[in-house]
Amino acid sequence: MAGRVRAITLVGTPVLHQACRPVEEFDAALAELADDMFASMYAAKGVGLAGNQIGVDLRIFVYDCPDKEEVAHKGVVVNPVLELPALDERRLDDSDEGCLSVPGPYAKLARPDRATVHGFDLKGNPVTVEGTGLLARCLQHETDHLEGKVYIDRLSTRSRKKVLKEYERLRAEAAEAEAAEAEESAAPDGQ
C-alpha cells in the first residue's frame with residue numbers, strides 16, 4: 001500500500017462539520033483515496049480516519065484497531081450505516097476518546113460497547129463489520145465524522161470547552177516552538 005500522506009483536517013474546517021456525500025463510483029480513484037487515508041492515518045498515529053478528515057466530502061472511512069479481545073481488525077467501509085444494540089441490550093463504555101482532527105486532548109465519552117457497520121468494500125461488495133471495545137468506539141466515531149459530527153459534539157458543554165481550551169493551548173505551544181526553531185535555523189553561524 002503506497003498512498004500519500006495528506007494533511008489532517010482540523011476542527012472548525014467546514015467539511016468536518018457537514019454530512020458527506022455517498023460514494024457512487026467504485027473505481028481506481030476510490031482505491032487510491034483509501035491508500036492515502038491509510039497512509040495519513042498511520043502518519044498521524046491514528047486507528048481510524050474518515051474521508052472528511054483529509055478534506056474529502058465522501059462517505060468512506062478506514063480503520064486499523066483492536067477489539068475488546070485485542071484482536072487486530074483493518075479495513076475500509078464505504079457508505080456505512082451504523083447499527084447499535086437495542087437500548088435494553090446496550091452497555092456503555094465511558095473510556096477516553098480523542099480525535100486526529102482535535103489533536104492532543106482526550107475526554108471521557110460514553111458509547112455502546114458493541115457496534116455494527118454495514119456498507120461496501122472498495123469494489124462495491126457488501127461488508128459488515130462488528131466491533132467490541134476500541135473497534136466499536138472507532139466504528140461509531142468514524143461514522144459520526146461522515147455525518148458531520150466530531151466527538152466533542154457529543155460532550156457536555158463544560159467538557160467540550162475544556163477539550164477545546166487544551167487543544168488551543170497545545171496548538172499555540174506548537175506554533176511558538178516552530179517559530180523559535182525557524183528563527184534559530186535562520187540565524188547566521190556563530191550567533
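Q: What counts as a helix or a strand in this chain?
A: Helices (H or I, at least four residues) and strands (E, at least two) are DSSP runs, numbered from the N terminus. This is a predicted model, in which local features need pLDDT of at least 70 and side-chain atom pairs count only at pLDDT 80 or more, while totals for chains, interfaces and linings use all residues. Residues are numbered from 1 along each chain as its sequence is written, and side-chain values use heavy atoms, with hydrogens and water left out.

Q: What does the secondary structure of the chain come to?
A: By that rule the chain has three helices and nine strands, and along the sequence they follow the pattern α-β-β-β-β-β-β-β-β-β-α-α.

Q: Why is glutamate 181 called exposed?
A: A residue is exposed over 50% relative accessible area, buried under 20% and partly exposed in between (1.4 Å probe, protein chains only). Glutamate 181, which lies in helix H3 (residues 157-186), has a relative accessible area of 60%, and therefore it is called exposed.

Q: How much of the chain is buried?
A: Of the 191 residues in the chain, 41% are buried.

Q: Which contacts in the chain join residues at least 24 apart?
A: Contact means heavy atoms within 4.5 Å; among contacts between residues at least 6 apart in sequence, 65% join residues at least 24 apart.

Q: What dimensions does the box filled by the C-alpha atoms have?
A: Taken along the principal axes, the box is roughly 65 × 45 × 30 Å.
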